[in-house]
Amino acid sequence: MTTIHHLNCGTLLVPSYPTVVCHCLLLQDGDQLALIDTGIGLKDVRNLVERLGQSLIDQAGFQFHESDTAVRRIEADGLSPRDVRHVVLTHGDPDHAGGLADFPRAIVHTSREEHAQIDGSQGRYVPTQFSHRPSWKAYGRSTRRWFGLEARPVDVGFTSEVLLIPLFGHTLGHCGVAIQQENRWLLHVGDAYYLRAELTTDDHPVSVIAAQRADDDAQRRASLEHLRRLVRDHRDEVNMIGYHDLSELPSQYPLPLRR
Ligand SMILES: [Zn+2]
C-alpha cells in the first residue's frame, strides 16, 4: 500500500486571521514518490520579490523559510527529492505551485480545465513558477464516479489508486485528490475549503475571503456542499483534509515558523 506523509510546505500569516499552512502530501510507493501540491519552492525563497511581487507577498502573508520547502521537508524525512516522479496539482495558485520547479523530472498531473487556465497565464497565476516548462499530463472528463462525484484516475502506477476529484469554483479547474488506503480513502480537498469550519457554517469570516477568491463562486459553493454530503453520509469511508487548516496537520507536526 502507498504510504502517505504529511508535509507543511509554507506558512501564511495575515493579520487578524489564524496562521494558515500549506499542507502537502507525499506519497511513497516502492522507490517512487509523488507530491500532492508543492507549496513554496526554493526559487521563491531565494528570489521572492522578483518571483512573486511584493503586493502578492503582503496580501497572502507569505513567510519564507527554506526549511518549509518540499525539497527540505522530504530530505528531513530521510527521503530523496530526486525520487519525486509525479506531482499532482490541485490548482495553479502560487502557494501550491511554487515548488514545481524544484522537481523538473516529475510529471505534473492536473485537470485539463486547470491546465488550460495555467497555459493561458490567467491573471491569478505566476507565470515564472511554470517557466521551466513542466511535463504536463492533463485529465479531461471521465465517466468514473466516486461517492457520487466525477473521478479522473491519475496515472502514477502506485499500488493505491489516486483520483482527481473535480471540485471546481476556487479556480475553474480546481480538483481534490483522493488516495485509497485499504478500506478507506483520504481526500485532499485542496482549497475547496480554507478552514474545516466551513464544512459546518457559512458565517465564518474566512467564507468571505473564499467567495472573493473564487473564480466561480456558485461552483465553489456547490463543491463545498458535496464535501458536506461526504462528511454526513460517508464518514466511515472518507477522511478529509484541506491545504490551509493548521489543525489538520498531524498533532506531532512541528508548529509553523514565524518571521
Ligand atoms: Zn491556497
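Helix 8 of this predicted model comprises 17 residues, 217-233. The buried residues of helix 8 are R220, S223, L224, L227 and L230. Seen down the helix axis, these residues fall within an arc of 110° and therefore line one face of helix 8. The face turned away from this buried side carries the exposed residues A218, E225, R232 and D233. The cover over the buried residues of helix 8 includes helix 7 (205-213) and strand 14 (238-241).

Strand 13 (residues 184-188) is joined to strand 14 by four bridges, and the two run parallel. Within this pairing, L187 stands opposite M240 of strand 14. Strand 13 is also joined to strand 12 (residues 175-181), here by five bridges and in antiparallel orientation. In strand 13, H188 is the residue that stands opposite V177. Strands 12 and 13 form a hairpin with two residues between them, and E182 in the turn has a positive phi of about 50°.

The largest nonpolar core has 59 residues, and A178 is listed with L35, V87 and I165 as having the most contacts inside it. Strand 2 (residues 20-29) supplies the largest share of this core, with six residues. Leaving aside residues up to four places away in sequence, A178 touches W146, A151, L163, I165, W185 and L187. One of these contacts, L187, is the residue already described as standing opposite M240 in strand 14.

Conventions. Residues are numbered from 1 along each chain as its sequence is written. This is a predicted model: local features need pLDDT of at least 70, side-chain atom pairs count only at pLDDT 80 or more; totals for chains, interfaces and linings use all residues. The expected span of a helix is 1.5 Å times one less than its number of residues. A residue is buried if 20 or more other C-beta atoms lie within 10 Å of its own, exposed if 12 or fewer, and partly exposed in between; C-beta atoms are placed from the backbone. The arc is that of the directions from the helix axis to the C-beta atoms. Two residues are in contact if their C-beta atoms, placed from the backbone, lie within 7 Å. A nonpolar core is a set of buried Ala, Val, Leu, Ile, Met, Phe, Trp, Tyr and Cys residues joined through C-beta atoms within 7 Å. Two strands pair if DSSP finds at least two bridges between them.
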